[in-house]
Amino acid sequence: RHHWGAYIGPSETVLSGARILYDIPAQYGLGPTILIASAHGDNRWIAMFWTVIVTGLLYSFFLLASACLIARKINNTWSYLTIVLASIASSLCWTSFPPLLGGPWSFPSTGGLRFLPLAALVFCILWTQFRATGALVPRICGHALWCLAAIWSPEAAFYSSFVWWPYLLWLASTSAKRPIRAVIF
């Protein structure tokens with residue numbers, strides 16, 4: 001399994017009493033390390049299997065739900081089905097190293113174990129855009145998901161920042177009479 005030891009090693013070290021990011025580095029982030037360490041049982045390899053499965057399914061759910069929100073006004077059944085299948089294929093079958101066909105179940109760094117908070121943040125943004133809700137709750141939810149991504153993994157922090165902060169700037173500029181002043185504030 002590709003890179004699995006880099007996830008399991010810090011989790012086992014945390015379970016032996018080491019302090020994360022002080023005594024040991026967590027190369028793939030705090031979120032995956034804590035999830036694997038807190039999984040039930042004594043075998044971290046089995047814990048890794050279950051953690052990859054659960055986070056992968058949640059990641060796929062958020063991507064599928066986001067795609068369905070975007071495509072919900074399409075009246076063509078074939079187009080809608082194509083969008084749904086592309087969403088499922090991109091989250092369950094795609095890997096960053098195509099010569100080794102295995103999907104995110106074999107390569108957890110390409111799926112939910114690393115990018116779950118980002119997928120949840122994108123879903124939160126799309127959900128608030130398609131619903132007429134107050135401005136406070138979506139921002140609190142978005143900030144909470146961004147904070148989760150910031151401590152989850154370095155990649156999730158980068159990509160979530162790349163999505164969340166420009167979205168807030170865009171939102172501020174579209175809802176004010178003086179967009180540049182609103183963006184600055």
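Colleague: Which helix holds Phe158 and Phe162, and how many residues apart are they?

Modeller: Helix α7 holds both. They sit 4 residues apart, about one turn of the helix. Helices here are DSSP runs of H or I, at least four residues, numbered from the N terminus. Bear in mind that this is a predicted model: local features need pLDDT of at least 70, side-chain atom pairs count only at pLDDT 80 or more, and totals for chains, interfaces and linings use all residues. Residues are numbered from 1 along each chain as its sequence is written, and side-chain values use heavy atoms, with hydrogens and water left out.

Colleague: What kind of aromatic pair do Phe158 and Phe162 form?

Modeller: A stacked one, at 6.3 Å centre to centre with 15° between the planes. Rings of Phe, Tyr and Trp (its six-membered ring) pair if their centres lie within 6.5 Å; planes under 30 degrees apart are stacked, over 60 edge-to-face, the rest tilted.

Colleague: Is Phe158 buried or exposed? And Phe162, buried or exposed?

Modeller: Phe158 is exposed, at 53% relative accessibility. Phe162 is exposed too, at 59%. The cut-offs are under 20% relative accessible area for buried, over 50% for exposed, and partly exposed in between (1.4 Å probe, protein chains only).

Colleague: How many aromatic pairs does the structure hold?

Modeller: It holds 8. There is also an aromatic cluster of Phe61, Phe62, Phe123 and Trp127.

Colleague: New topic. Which residues have the most contacts inside the largest nonpolar core?

Modeller: Phe62 and Trp164, in a core of 18 residues. Such a core is a set of buried Ala, Val, Leu, Ile, Met, Phe, Trp, Tyr and Cys residues joined through side-chain atoms within 4.5 Å. Helix α5 gives the most, with 10 residues.

Colleague: What does Trp164 touch?

Modeller: Leaving out residues up to four places away in sequence, its partners include Leu121, Ile125, Pro138 and Trp146. Contact means heavy atoms within 4.5 Å.

Colleague: Now Arg44. Which side chain of opposite charge is nearest?

Modeller: Asp42, 5.5 Å away. Arg44 is buried yet has no salt bridge. That takes a side-chain nitrogen of Lys or Arg within 4 Å of a carboxyl oxygen of Asp or Glu. For charge, Lys and Arg count as positive, Asp and Glu as negative; His and the chain ends are not counted.

Colleague: Which backbone oxygens does the Arg44 side chain reach?

Modeller: That of Ile36 at 2.4 Å, and that of Gly41 at 2.3 Å.

Note on methods: A polar contact is a pair of N or O atoms within 3.5 Å; within protein, one must be able to donate a hydrogen and the other to accept it, and residues adjacent in sequence count only if both atoms are side-chain atoms. Helices (H or I, at least four residues) and strands (E, at least two) are DSSP runs, numbered from the N terminus.
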